[in-house]
Amino acid sequence: MLIVPMLDQGGLERVCAATARLLKDLYDVHLVVFNTAGMIYDVSGVAMTDLHLGAVQGRFGKALNVAKRVRRVRQLKKRLRTQLSYSFGPTANLVNVLSKQKDITWVGVRGYGALGSKASMRLLCRLADRVISCTRVMEQEISRQFHPKSSAAVYNPCDIQEIRELSLCSTAPEFDAFFAQPGKIVASMGREHDVKGFWHLIKAAALARKKAPDLNLRLMIIGEGRYEAYRKLAGELGMQDAVLFTGVQSNPFALLRKADAYALTSQSEGFPNALIEAMAVGLPCVSVNCLTGPAEILHEAYETCKDGNQTYYADYGILAGVFSGEKDLRAESVSAEERRFADLLVALFTDEALYQRYQASAKSRAEAFGMERYLCAVRDLIQEDVS
């Protein structure tokens, strides 16, 4: 049994859907979704139950909703004689462990922010049979703080072949004028959320344009949101025509192929799927060394990249120091970290040997996070736990 709140756009939802598709020909898989409204991920051929118990407002309403979900899932587990239940995300994890029957329960922790909910993590680690993290650093931290019965790190899967095929598709005509301009394009993906640190990226891009005007560096941000504050910031920095906000795209990979590099400026990540997707289409990457994921993706000996203030020219991309301070949308306020990030963007584009090295290594590194490797890792754990 795979348990997930929804199957709309999102990282954990994508991983759950991919897991269902990969396992359905090998096991008797049953997918449980709290609410299928807005479902976009393909899970055809997988048995599915919609509980019709989506999110509600108010503390009492939430508690009652959890109780209803637990009761329904417990009944399903009993009726289906479920051997193993794997949940994705905090709300599904809680329902999974509270509905335990004779099944082995796996809970998936997919974001480093979840570790901040100490009481919840302690409960999950006490009740779950295994805690599965999407990075090794996260697994190590969970083991150190919460002492689960058993744990494992399984990197999120990416369909590398599909990403590369989709990247060859045409893009919407509305973006033609932006792409027709000469110069270099830096892409980034993510919803409009402070954790993504897009104000840092816009300021760094503006600095890079001034430092190396011949590059005519422009910025493309792909993801959900209106980005009004960021549009205003770009305008104040003289970049109103140099920043493209594409909104949500059904095929962001075709847009990525139009770019020349990828940048990640997040304050924290679980496992940055977008970084792998950009690497799959051959984009050299400059990423902050935030917790968690970028170091493990971009460097083999990721444990050696512990200094958050240092720049590492890693095996598969550039790791920049993390950004400090609160959100700052003032155009005149530029931090030392933003200046450093701008310098790295300029260095990447002006050093041809460096650019070609990271362009080639990005594509090869992406293969390590393909679907087959993910399937092998999950199958190994199933065989270990269900015997």
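Which hand does the crossing of H8 and H9 have, left or right? The crossing of H8 and H9 is right-handed. The points below concern a predicted model.

1. Helices H8 and H9. H8 covers residues 198-211 and H9 covers residues 228-236; their axes come within 10 Å and cross at roughly 15°. Angles under 35 degrees count as roughly parallel, and H8 and H9 are therefore roughly parallel to each other. From H8, the residues that meet H9 are Phe-198, Trp-199, Ile-202 and Lys-203, and their partners in H9 are Tyr-230, Leu-233 and Ala-234. By class, this contact of H8 with H9 has 6 nonpolar residues, 1 charged residue and no polar ones.

2. Helices H8 and H13. H8 also packs against H13, which spans residues 336-350; the two axes come within 8 Å and cross at roughly 55°. H8 and H13 are therefore oblique to each other. Their crossing is right-handed. On the H8 side the contact is made by Trp-199, His-200, Leu-201, Lys-203, Ala-204, Leu-207, Ala-208 and Lys-211. On the H13 side the residues are Glu-338, Arg-339, Phe-341, Ala-342, Asp-343 and Val-346. This contact has 8 nonpolar, 1 polar and 5 charged residues.

3. Helices H11 and H14. The axes of H11 (residues 273-280) and H14 (residues 352-366) come within 7 Å, with a crossing angle of roughly 120°. The crossing of H11 and H14 is left-handed. Ile-276, Met-279 and Ala-280 of H11 meet Ala-362, Lys-363, Arg-365 and Ala-366 of H14. The residues of this contact divide into 5 nonpolar and 2 charged, with no polar ones.

4. The nonpolar cores. How many residues does the largest nonpolar core have? It has 97 residues, and those with the most contacts inside it include Ile-202, Met-279 and Phe-341. Ile-142, Met-220, Leu-256 and Tyr-262 belong to that group as well. H8 supplies the largest share of this core, 9 residues. A second, separate core has 27 residues, among them Leu-7, Phe-88, Val-154 and Leu-381.

5. Phe-341. Leaving aside neighbours within four places in sequence, Phe-341 is in contact with Leu-201, Ala-204, Ala-263, Leu-264 and Thr-265, among others. Val-286, Ser-287, Val-288, Ala-320 and Phe-323 are also contacts of Phe-341.

6. Backbone points to check. Most residues other than glycine have a negative phi, and most peptide bonds are trans. The peptide bond from Leu-291 to Thr-292 is cis, with omega near -10°. Thr-292 sits in the loop between strand E12 (285-288) and helix H12 (294-298).

7. Asn-216 and Tyr-227. Asn-216 is not a glycine, yet has a positive phi of about 45°. Asn-216 is found in the loop between H8 and strand E9 (218-222). Tyr-227, also not a glycine, has a positive phi of about 55°, and lies in the loop between E9 and H9. Are these two residues buried or partly exposed? Asn-216 is partly exposed, with a relative accessible area of 23%. Buried means under 20% relative accessible area, so Tyr-227, at 0%, counts as buried.

Conventions: Residues numbered from 1 in each chain as written. Predicted model: local features only at pLDDT ≥ 70, side-chain atom pairs only at ≥ 80, totals over all residues. Heavy atoms only, no water. Axes fitted to C-alpha atoms, helices over the stretch in contact; angles between N-to-C directions. Helix = DSSP H or I, 4+ residues; strand = E, 2+ residues; numbered from the N terminus. Parallel < 35°, antiparallel > 145°, perpendicular 65-115°, else oblique. Left-handed = near helix turned anticlockwise from the far one by under 90°. Contact = heavy atoms within 4.5 Å. Nonpolar A, V, L, I, M, F, W, Y, C, P; charged D, E, K, R; others polar. Core = buried A, V, L, I, M, F, W, Y, C linked by side-chain atoms within 4.5 Å. Buried < 20%, exposed > 50% of the residue type's maximum accessible area, 1.4 Å probe, protein only.
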